[in-house]
Amino acid sequence: MSTLAYLKSFFKDKDVASVTPTSRFCVRSVCSPIDFTKDITVVEYGAGAGVFSRYILQNMTADSKLFLFETNEILFEKLEQINDPRAICYDESVEFVSKLLPDETIGEVDFIISGIPFSFLDEDTKSSILSQSSRLLRDGGKFLAYQTSGHLKEPLRQTFGNVKTEWEWRNIPPMTVYEAEK
Ligand SMILES: C[S@@+](CC[C@H](N)C(=O)[O-])C[C@H]1O[C@@H](n2cnc3c(N)ncnc32)[C@H](O)[C@@H]1O
């Protein structure tokens, strides 16, 4: 059961930053800008045990692709149980995302979904991850994030020139949901 895996990981690894998977309400809210009728390329930062990943795979087309990044080894083991040829898992930090993804995805990603705890990162790492993200996205591609507070609004506005936020209360804890467009 994923909640147990989160609990075990949380006490050993501060970067897990959550004792339970994101709620289905929050997953739907974060993913609401995605048009699942088209073939898309999605990258997920901090996929955990795969609550977003499974939702995306259930909804995306047969020719879409999903690249998953997760650093915690207990959660990564759960993630690897996803047996779907459209999903590619990396047990690596998103600090290296643009080096790790295949060259043909650079500038062609439709959506980045991010749950990594940006507030734990130093300014240089945060800014490097956001500028790599901007390079990965195609024009019109979207960076979709969820965080426990609104601290990511200004960095996203600086990187993308725009950002929309809303609260999702049906999650423990409540989440700020972000949408920025390249
Ligand atoms: C708040 S949890 C979200 C997990 C899952 N996506 C969910 O919604 O339930 C954040 C996740 O990001 C992972 N993480 C933190 N820093 C990371 C990094 N630099 N690269 C990749 N994953 C990271 C953590 O291990 C953790 O699983």
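1. Starting with the H6/H7 pair: helix H6 (residues 123–136) packs against helix H7 (residues 153–160) at about 45 degrees, and their axes are 10 Å apart. That angle makes H6 oblique to H7. On the terms: axes are lines fitted to C-alpha atoms, for helices over the stretch in contact, with angles running from 0 to 180 degrees between N-to-C directions. Angles under 35 degrees count as roughly parallel, over 145 as roughly antiparallel, 65 to 115 as roughly perpendicular, and the rest as oblique. Helices (H or I, at least four residues) and strands (E, at least two) are DSSP runs, numbered from the N terminus.

2. Before going further, keep in mind that this is a predicted model: local features need pLDDT of at least 70, side-chain atom pairs count only at pLDDT 80 or more, and totals for chains, interfaces and linings use all residues. Residues are numbered from 1 along each chain as its sequence is written, and side-chain values use heavy atoms, with hydrogens and water left out.

3. Who touches whom there? On the H6 side we have Lys-126, Leu-130, Ser-131 and Ser-134, meeting Pro-155, Leu-156, Thr-159 and Phe-160 of H7 (contact means heavy atoms within 4.5 Å). By class, that H6/H7 contact has 4 nonpolar, 3 polar and 1 charged residues. Here Ala, Val, Leu, Ile, Met, Phe, Trp, Tyr, Cys and Pro count as nonpolar, Asp, Glu, Lys and Arg as charged, and the others, Gly among them, as polar.

4. Next, helix H2 (residues 24–31) and H3 pack at about 60 degrees, with axes 10 Å apart. So H2 is oblique to H3 as well. Cys-26, Val-27, Arg-28, Val-30 and Cys-31 from H2 make the contact with Val-51, Phe-52, Tyr-55 and Ile-56 from H3.

5. For helix H1 (residues 2–12) and helix H4 (residues 73–80), the axes come within 8 Å and cross at roughly 150 degrees. That makes H1 roughly antiparallel to H4. Ala-5, Tyr-6, Lys-8, Ser-9 and Lys-12 of H1 meet Ile-74, Leu-75 and Lys-78 of H4. This contact divides into 4 nonpolar, 1 polar and 3 charged residues.

6. One backbone detail to check: the peptide bond between Ile-172 and Pro-173 is cis, with omega about -5 degrees. Pro-173 sits in the loop between strand E6 (164–168) and strand E7 (175–181).
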